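Me: I'd like to learn how to read the features of a protein model. Could you walk me through them one at a time?

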Amino acid sequence: MQYVAPIGVGLLYALVMSLIREPHRRRFNAVMVAGAGAAYLSGGGLGGWEFAFTAVITYVAYRGLDSWTFIGVAWLLHTGWDIVHHIKGNPIIPFAHTSSLGCAICDPVIALWCFAGGRTPKELVAWVRGVRGRGRVAEPEAGLSGA
């Protein structure tokens, strides 16, 4: 369950975020990943590197205000930071020893959704059908720009 629940959390996150209309959905998610980038600051497990990581992810999240791709990259950066914290630093939730591992499993699920343009479930199904039908990745519709 320790490995399955974070996948469910990532899917639930994408589903709930799909309720927000574009372009607000993309901008809201950029703000969310910027906040996630600062989640480890209070633990201080990696000293000054915590500030360096927060600065990098803040920049990438800022670029995500106009790009789902950058939001996906930011979630993958956070995944890497989660792994570092699971191995060497403090967990994201101080009283839950494996919380950083759970976050490292959840974040790539969210990143995949972002790389798919942060689409609603209905849009995702249509997009996947289009990809299979054409044998290539379809471009996001207007308002769902991934770049």
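Predicted model: local features only at pLDDT ≥ 70, side-chain atom pairs only at ≥ 80, totals over all residues.

Me: Let's start with charges: which side chain meets that of Glu22 in a salt bridge?

Reply: Residues are numbered from 1 along each chain as its sequence is written, and side-chain values use heavy atoms, with hydrogens and water left out. For a salt bridge, look for a side-chain nitrogen of Lys or Arg within 4 Å of a carboxyl oxygen of Asp or Glu. Here the partner of Glu22 is Arg25, at 3.8 Å from N to O.

Me: How many salt bridges does that rule give in total?

Reply: The count is 2. In the other, Glu123 pairs with Arg25, and their closest N and O atoms are 4.0 Å apart. This pair links distant parts of the chain, with Glu123 in helix H6 (residues 121-134) and Arg25 in helix H2 (residues 24-37), 98 residues apart. Helices here are DSSP runs of H or I with at least four residues, numbered from the N terminus. Taken together, Glu22, Arg25 and Glu123 are linked in a network of salt bridges.

Me: Is Arg25 buried or exposed?

Reply: The general idea is a scale of relative accessible area: buried means under 20%, exposed over 50%, and partly exposed in between (1.4 Å probe, protein chains only). Arg25 has a relative accessibility of 4%, so Arg25 counts as buried.

Me: What kind of peptide bond joins Glu22 to Pro23?

Reply: That one is cis, with omega at about 0 degrees. You'll find Pro23 in the loop between H1 and H2.

Me: Now for the rings. How many aromatic pairs are there?

Reply: Rings of Phe, Tyr and Trp (its six-membered ring) pair if their centres lie within 6.5 Å; planes under 30 degrees apart count as stacked, over 60 as edge-to-face and the rest as tilted. By this rule there are 4 aromatic pairs. One of them joins Tyr13 and Trp113 edge-to-face, with 6.4 Å from centre to centre and 85 degrees between the planes. Tyr13 is in helix H1 (residues 5-17) and Trp113 in helix H5, so this pair ties together parts that are 100 residues apart in sequence. Tyr13 counts as buried because its relative accessibility is 14%, and Trp113 counts as buried because its value is 6%.

Me: Why is the pair of Phe53 and Trp81 called stacked?

Reply: Their ring centres are 4.6 Å apart and their planes meet at 5 degrees, so the pair is stacked. This pair also links distant parts of the chain, with Phe53 in helix H3 and Trp81 in helix H4, 28 residues apart. Both residues are buried. Elsewhere, ring pairs link Tyr13, Trp68, Trp75 and Trp113 into a cluster.

Me: Which residues have the most contacts inside the largest nonpolar core?

Reply: A general point: in soluble globular proteins, nonpolar side chains tend to be buried together. A nonpolar core is a set of buried Ala, Val, Leu, Ile, Met, Phe, Trp, Tyr and Cys residues joined through side-chain atoms within 4.5 Å. The largest one here has 22 residues, and those with the most contacts inside it are Tyr13, Val33, Ile71, Trp75, Ile110, Trp113 and Cys114. H1, H2, H3, H4 and H5 each supply at least two residues of this core.

Me: What does Trp75 touch, leaving out residues up to four places away in sequence?

Reply: Contact means heavy atoms within 4.5 Å. Trp75 touches Tyr13, Val33, Ala36, Asp107, Ile110, Ala111 and Cys114. Beyond its neighbours within four places in sequence, Thr79 is in contact with Ala104, Asp107 and Pro108. Thr79 is buried, at 9% relative accessible area.

Me: Finally, which residues form the nonpolar patch on the surface?

Reply: Patches are made of residues with over 30% relative accessible area and no salt bridge: like charges are joined within 9 Å, nonpolar side chains (Val, Leu, Ile, Met, Phe, Trp, Tyr) within 5 Å. Areas come from the Shrake-Rupley method with a 1.4 Å probe, and for residues only the protein chains shown count as cover. Here the patch is formed by Val56, Val73, Leu76, Leu77, Leu112 and Phe115, which have about 490 Å² of accessible area together. Helix H4 (68-87) and helix H5 (99-115) are the elements that give two or more residues to the patch, and the largest share, 3 residues, comes from H4. Phe115, in helix H5, is partly exposed at 38% relative accessibility.
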